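Trainee: I have a model open and would like to go through it. Can we take it topic by topic?

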Amino acid sequence: MLVVLLASSGCETPSGRSLGDAPSAEPPSSSPSAPSGSALSLLGTLAVKGRGPKTGYSREQYGPAWADTNRNGCDTRNDILKRDLTE
């Protein structure tokens, strides 16, 4: 739902990708050419698990959500991401 709202509000990166597009959930595959002991080779040893339960979580505990202070259809967080990020 959030991705749809961001995409329809015009919050996009300079390349046209929506700021709400989540990165791929696929972990990077370990490269056969990664040197032993490198961060890339160690990445392949991490256990990948599914989502955990959201028991006890309440968004209200963390204060108000980002505001759209300039009323351009994007909240402040996405305005900053659009300004600062590149591909």
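Predicted model: local features only at pLDDT ≥ 70, side-chain atom pairs only at ≥ 80, totals over all residues.

Trainee: How many helices and strands does the protein chain have?

Mentor: The secondary structure of the protein chain comes to 3 helices and 0 strands. Helices (H or I, at least four residues) and strands (E, at least two) are DSSP runs, numbered from the N terminus. Along the sequence the pattern reads α-α-α.

Trainee: What is the mean pLDDT of the protein chain?

Mentor: The mean is 76, and 63% of the residues reach 70 or more. pLDDT is the predictor's confidence in each residue, from 0 to 100.

Trainee: New topic. How many salt bridges are there?

Mentor: The structure holds 1 salt bridge, between the side chains of Arg83 and Asp84 at 2.6 Å, N to O. The term stands for a side-chain nitrogen of Lys or Arg within 4 Å of a carboxyl oxygen of Asp or Glu.

Trainee: Is Arg83 buried or exposed?

Mentor: Arg83 counts as exposed because its relative accessibility is 59%. Asp84, at 47%, is partly exposed. Buried means under 20% relative accessible area, exposed over 50%, partly exposed in between (1.4 Å probe, protein chains only).

Trainee: What share of the residues is buried?

Mentor: Buried residues make up 13% of the 87 in the protein chain.

Trainee: Which residues form a nonpolar patch on the surface?

Mentor: Leu40, Leu43 and Leu46 do, with about 250 Å² of accessible area together. Leu40 sits in helix 2 (residues 39-43) and is partly exposed at 36%. Patches are made of residues with over 30% relative accessible area and no salt bridge, with like charges joined within 9 Å and nonpolar side chains (Val, Leu, Ile, Met, Phe, Trp, Tyr) within 5 Å. Accessible areas come from the Shrake-Rupley method with a 1.4 Å probe; for residues, only the protein chains shown count as cover.

Trainee: Last one: where is Arg71, and what is its phi?

Mentor: Arg71 lies in the loop between helix 2 and helix 3. Its phi is near 55°, a positive value in a residue other than glycine. Arg71 also counts as exposed, at 76% relative accessibility.

How values were computed
Residues numbered from 1 in each chain as written. Heavy atoms only, no water.
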